[in-house]
Amino acid sequence: ADITNSVVSPYAKSKSTPVFSYLFSRRFGVGIALVLVFIYTTNQASAHALPGDLAYPIKLAREEITLITKQTPEKKAEYIIKRIETRIEEKNILIETKQLDKADSLVVDNLIAKSTETFNEQIVDIQVESSVIALDYQNTLTAILDTHSETLLATSSDEITSPVAVLALEQQQEHAATIKTELEKKVTEIEPLEAEQQYYEK
């Protein structure tokens, strides 16, 4: 037998390696590109998702991640207010398009209730630094709840109010009013001069 025919020369190996690397790198690059396209498309779709849509959980997950990235109680409170406004906007869209049902309304109401609880936790932390700043944020949330009370009370496109929704909103408003009263007392009795200075420096 001819031994020379059964031996692969080093030159042949060196020629095949760059070809394999090139093909692998191309496939890897295409894979990464597809993943990025998928992420971008999913983000775009979820940005406008409404309760009941398949992409809605992705939208909520993105918001949770964004909230985690906020470094201070003030930043967290601001973002939570934005999330509550987004939920109200979503509910308004469903009402206007006659798509709101009781299940979707319950989802939105629970999300708003959860956001309100998280907001109250941030208010406690903000209050440590300044009661007047905490009061400022609390007033903002209270105004939003009062302004959009009709939307918050809606449970479906056909049913404008329900006893359950009324009770839930009243509890949120009462809790907000209680916190507001406590903060106002601290602002006026404990740190009036310092509070005023911090307010205008904000």
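About 210 Å³ of space lies in the second largest pocket of this predicted model. Local features need pLDDT of at least 70, side-chain atom pairs count only at pLDDT 80 or more, and totals for chains, interfaces and linings use all residues. Residues are numbered from 1 along each chain as its sequence is written, and side-chain values use heavy atoms, without hydrogens and water.

**The pocket**
- A pocket is an open set of points on a 1 Å grid over the protein atoms alone, where a 1.4 Å probe fits, with protein on both sides within 12 Å along at least five of seven lines.
- Lining residues have an atom within 4 Å of a point; among them are A47, K59, R62, Y79 and K82.
- The lining has 3 nonpolar, 2 polar and 5 charged residues.
- α3 (56-69) and α4 (73-96) each supply at least two of its residues.
- α3 gives the most, with 5 residues.

**The nonpolar core**
- A nonpolar core joins buried (under 20% relative accessible area, 1.4 Å probe, protein chains only) Ala, Val, Leu, Ile, Met, Phe, Trp, Tyr and Cys residues through side-chain atoms within 4.5 Å.
- In the largest core, of 23 residues, F119, I123 and Y137 touch the most other members.
- α6 gives the most to this core, with 8 residues.
- Beyond neighbours within four places in sequence, F119 is in contact (heavy atoms within 4.5 Å) with A77, I80, I81, Y137, Q138 and L141.
- A second, separate core of 5 residues includes A55, Y56, L60 and L111.

**Helix α6**
- α6 covers residues 131-147 and has 17 residues.
- Its buried residues include V132, I133, Y137, Q138 and L141.

How values were computed. Helix = DSSP H or I, 4+ residues; strand = E, 2+ residues; numbered from the N terminus. Expected span 1.5 Å × (residues − 1). Buried < 20%, exposed > 50% of the residue type's maximum accessible area, 1.4 Å probe, protein only. Points joined across faces, edges and corners; volume = space filled by probe spheres on them. Nonpolar A, V, L, I, M, F, W, Y, C, P; charged D, E, K, R; others polar.
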